[in-house]
Amino acid sequence: MTSLTYADYLNLDTLLSLQAPRTPDTAERSVILAEHFFVVAHQSSELWLKQIAADLDAAVDALRPEYGPSDPESGSELLERAAELLRILLEQLAALDKLPVRHFAEFRPYLGSASGAESEQFHYLAELLGDDQHPGRLYEAFAAATEHSGTTVAEVCRRGPQAGVHHRIAENLLDIGNRYWRWKVGHLTLMSKMLGEQPGTGGTTGAAYLISRIIVPFAELRRLRGRLHEDLVGRPAQ
Ligand code: HEM
């Protein structure tokens, strides 16, 4: 039997052949290297996003009673992992702070109209997390799981840790939502540092567009938790 190597198991030949800067070979080495860094940062973000989306999909399946027996403990475990991976995603973004803007300006024309705004995995994540107007599939699955156990999200918020796994899931969702929110803000500040008032390669205004795209997921969960201030003291919080 031939032994499986590390490189074979991970398909490293293929993986490490996928970084292809478009800056011509004749350009300065530091510019080619900067574009390589830019490509690696985006590719690794997409890889982590693949895992995050798969974990969140599995969490939805674990929570929704109509997809089989509801398994909130496994759901919570998957949500915790996704929250941790979103932290990594934010850190990866922060590494791009070390992209020298003079090098970026040199290789940016080679991006053409390619833009992160086209990221299908980010769109998928946004749909899972929801926004002010739409609760998103993740929150809907959580609400269904609470109802299946004869309770409600409002009651879970009211009982706090006594609500057990449902309380932990509410905390997991807020960790995920807040880290996603921080990613959006981190991306905006990075972009503003790198481009100032320049438009994006995707054709948007850049900073103004990204500000309009900063949404806070799990609005209803935040509202229900906030209500505790009124419920507990019997009058609106000051
Ligand atoms: C030097 C670093 C970066 C700059 C200057 C930058 C710039 C921009 C700009 C200007 C936009 C607005 C759309 C457009 O007109 O192109 C955008 C959108 C976006 N970028 Fe980046 N970006 C950077 C890094 C990243 C990284 C590492 C990712 C991770 C995959 C990413 C993902 C996205 C996503 C998902 C959007 C859509 C955001 C939304 O709709 O809220 N970007 N970027």
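How far does a polar side-chain atom of His187 lie from a nitrogen atom of the ligand? Keep that question in mind while you orient yourself in the model, which is a predicted one.

Next, select the ligand together with the 26 residues around it, among which Ser115, Lys184, His187, Thr204 and Arg213 come nearest. Centre on His187, a residue of helix H9, which covers residues 165-195. Here the opening question is settled, for a polar side-chain atom of His187 lies 2.9 Å from a nitrogen atom of the ligand. Now show the iron atom of the ligand, whose single donor from the protein is NE2 of His187, at a distance of 2.1 Å.

Staying with the ligand, turn to its oxygen atoms and display the side chains of Lys184 and Arg213. A polar side-chain atom of Lys184 is placed 2.5 Å from an oxygen atom of the ligand, while an N or O atom in the side chain of Arg213 is 2.7 Å from an oxygen atom of the ligand.

Move on to a helix pair by selecting H6 (residues 120-129) and H7 (residues 136-148), which pack at an angle of about 30 degrees with their axes 2 Å apart. Because angles under 35 degrees count as roughly parallel, H6 and H7 are therefore described as roughly parallel to each other. To see where the two helices meet, show Tyr124, Glu127, Leu128 and Leu129 on the H6 side, and Gly136, Arg137 and Leu138 on the H7 side. Coloured by class, this contact of H6 with H7 has 4 nonpolar, 1 polar and 2 charged residues.

The last stops concern backbone torsions, and the background is that most residues other than glycine have a negative phi. Select Asn11, in the loop between helix H1 (6-9) and helix H2 (12-15), where phi is positive, near 55 degrees, in a residue other than glycine. Then go to Phe218, in the loop between helix H10 (207-212) and helix H11 (219-226); the phi of Phe218 is also positive, with a value near 65 degrees.

Definitions and conventions. Residues are numbered from 1 along each chain as its sequence is written. This is a predicted model: local features need pLDDT of at least 70, side-chain atom pairs count only at pLDDT 80 or more; totals for chains, interfaces and linings use all residues. Side-chain values use heavy atoms; hydrogens and water are left out. Axes are lines fitted to C-alpha atoms, for helices over the stretch in contact, and angles run from 0 to 180 degrees between N-to-C directions. Helices (H or I, at least four residues) and strands (E, at least two) are DSSP runs, numbered from the N terminus. Angles under 35 degrees count as roughly parallel, over 145 as roughly antiparallel, 65 to 115 as roughly perpendicular and the rest as oblique. Contact means heavy atoms within 4.5 Å. Ala, Val, Leu, Ile, Met, Phe, Trp, Tyr, Cys and Pro count as nonpolar, Asp, Glu, Lys and Arg as charged, and the others, Gly among them, as polar. A residue is near a molecule or strand if one of its heavy atoms lies within 4 Å of it. A polar contact is a pair of N or O atoms within 3.5 Å; within protein, one must be able to donate a hydrogen and the other to accept it, and residues adjacent in sequence count only if both atoms are side-chain atoms. Donors are N, O and S atoms within 2.8 Å of the metal (3.2 Å for Na, K and Ca); water is not among the atoms, so sites may look incomplete.
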